[in-house]
Amino acid sequence: MLWRRTPSGELAFNRCPPNATGTTSRRCSLDHRGVAYWEQPSYARCIANEYRYLQQSVQGHLAKGQRNLAGDGMSQVTKVLLDLTQRRNFYAGDLLSSVEILRNVTDTFKRASYEPSSDDVQNFFQIISNLLEEENREKWEDAQQIYPGSVELMQVIEEFIHIVGLGMKDFHNAYLMTGNLVANIQRLPAVSVMTDINFPMKGRKGMVDWARNSEDKVVIPKGIFVPQTADMDGSPVFILGMVLYKTLGLMLPAPRNNTAVNSKVIAVTVRPEPRVTEAQLEIELAHLANVSTSQISTRFTNTIQRG
């Protein structure tokens, strides 16, 4: 790929490679000696043709008004996206495209009141695991120069967890384990929660080694599972979602205060919103890199609050 002569401090633009659409950019900068050099090209606006075709397919399914047609279409979309992400030869823009596709899949399941099958759920989380492979770190950094895709990905996962939980029977749960995340989704009638909930279950059969051997954990107190209003009829049913991410901290946008995420990431979501209580949520996360010889792990004890 040839780049035109460009003044220092400015961007040059070029077409993406033949198998993709969009534009790639590259900045001409000056080093400490005042010598001009090219920075690495950005492919954040390049989308491979296969991802573009899948985006168009999603739009076609969205146009179908029938519940089953739209839902079945999204199941097929996740299968195709799973295949694409397993190839691991995508552009930075394909990461953002994948997040958009997952957002549309989730929104369609929600609007169509479609219950994802167990295969749909497994495929969905495996796609996310593929996107969060550590080898994609530089691509995420590139992509997030134009959009915070990893943050939106967490929001999409939270919404998907709620959809899965709505389709589950009381007391049932789904445990998903992949190379880069462990997730647990539970549907809990409040009266059934008799003890605190620990996550992840490190002794669970088939638990991935990186989660089993880590110090990372969260304890959900039973006291949060009370209705937000005392006059609700019957016993409320809560949907609890917990996800331990192995590599997400590496993919999040860099903080502005020169800090860095130095642990795995745990996300917890509870719906409907629990009542504000004095119950304590305990999260323990081990450092990924040694900050000091005396500090091995960080422990947080937070009061559950709204929002």
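Here are legends for a few close-up views of this predicted model.

Residue numbers count from 1 along each chain as its sequence is written, and side-chain values use heavy atoms, with hydrogens and water left out. Because the model is predicted, local features need pLDDT of at least 70 and side-chain atom pairs count only at pLDDT 80 or more, while totals for chains, interfaces and linings use all residues.

View 1. Helices (H or I, at least four residues) and strands (E, at least two) are DSSP runs, numbered from the N terminus. Of the 307 residues, 48% are buried, meaning under 20% relative accessible area with a 1.4 Å probe, protein chains only. Take the contacts (heavy atoms within 4.5 Å) with a separation of 6 or more: 65% of them link residues 24 or more positions apart.

**View 2. β5, β6, β9 and β10 line up, in that order, as an open antiparallel sheet.** Strands count as paired if DSSP finds at least two bridges between them. β5 (173–177) and β10 (265–271) sit at the edges, each pairing on one side only. On average, neighbouring strands here are turned by 10° against each other, direction ignored. Axes are lines fitted to C-alpha atoms, for helices over the stretch in contact, and angles run from 0 to 180 degrees between N-to-C directions.

**View 3. Zoom in on β5 and β6 (residues 181–189), and you find 5 bridges between antiparallel strands.**

**View 4. Strand β11 (residues 280–286) is mostly covered, with 5 of its 7 residues buried.** Its antiparallel partner β8 (residues 217–220) is joined to it by 3 bridges. Valine 218 has isoleucine 283 of β11 as its bridge partner.

**View 5. The second largest pocket comes to about 430 Å³.** A pocket is an open set of points on a 1 Å grid over the protein atoms alone, where a 1.4 Å probe fits, with protein on both sides within 12 Å along at least five of seven lines; lining residues have an atom within 4 Å of a point. The lining takes in 18 residues, with Gln40, Pro41, Ser42, Asp142 and Gln145 nearest the centre. α5 gives the most, with 4 residues.

Technical notes:
Buried means under 20% relative accessible area, exposed over 50%, partly exposed in between (1.4 Å probe, protein chains only). Grid points are joined across faces, edges and corners, and a volume is the space filled by probe spheres set on the points.
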